[in-house]
Amino acid sequence: MDELRSWLGLYTLPQCGVATVFKLLKLFSTPAALLSASQAALRNVNVTERLITHLKKPDWKRVETCLAWREKGGRDILHWQDPRYPRLLREIASPPLILFIEGDTSLLQ
């Protein structure tokens, strides 16, 4: 699974905050690993049944809409682990998982 697509899959999860996503990423290492984790593995780390349901069915249509948005000139999408993600923004308590950028991404630094 494409890395950006996996990050966007996490981004689309309803009622799942950044803190929860980061906690789960510490356990599963990557968004793709988290999204492909078995229900049993998720239950073993105390993920709620509701969140398990959402993790098993991210809003892929919304992901495709985001990717289509990026295709228009001068647009980009940065996920939290993207090296272009602003260093100082990464240091705040609840940084956004995804940044939708219009314009020159180098200006973010």
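Contact here means heavy atoms within 4.5 Å. The structure shown in these close-up views is a predicted model.

View 1. Helix α1 spans residues 3–11, and Leu4, Ser6, Trp7, Leu8, Gly9 and Leu10 are its buried residues.

**View 2. The N-terminal cap of helix α1.** Asp2 caps the N-terminal end of α1. A side-chain oxygen of Asp2 lies 3.1 Å from the backbone nitrogen of Leu4, a residue that is itself buried in α1.

**View 3. The largest nonpolar core.** This core comprises 25 residues, of which Leu8, Leu10, Leu34, Leu42 and Leu55 touch the most other members. At least two residues of the core come from each of α1, α2, α3, α5 and α6. The greatest contribution is that of α2, with five residues.

**View 4. The surroundings of Leu34.** Leaving aside residues up to four places away in sequence, Leu34 touches Leu10, Leu24, Leu25, Phe28, Leu42 and Leu55. Among these neighbours, Leu10, Leu42 and Leu55 are, like Leu34, named with the core residues that touch the most other members.

**View 5. Asp76 in strand β1.** Asp76 is located in strand β1. Asp76 has a relative accessible area of 15% and is therefore buried, the cut-off being under 20%. The side chains of Asp76 and Arg84 are joined by a polar contact of 2.5 Å. Beyond residues up to four places away in sequence, Asp76 touches Trp69, Arg70, Arg84, Leu99, Phe100, Ile101 and Thr105.

Definitions and conventions: Residues are numbered from 1 along each chain as its sequence is written. This is a predicted model: local features need pLDDT of at least 70, side-chain atom pairs count only at pLDDT 80 or more; totals for chains, interfaces and linings use all residues. Side-chain values use heavy atoms; hydrogens and water are left out. Buried means under 20% relative accessible area, exposed over 50%, partly exposed in between (1.4 Å probe, protein chains only). Helices (H or I, at least four residues) and strands (E, at least two) are DSSP runs, numbered from the N terminus. A polar contact is a pair of N or O atoms within 3.5 Å; within protein, one must be able to donate a hydrogen and the other to accept it, and residues adjacent in sequence count only if both atoms are side-chain atoms. A nonpolar core is a set of buried Ala, Val, Leu, Ile, Met, Phe, Trp, Tyr and Cys residues joined through side-chain atoms within 4.5 Å.
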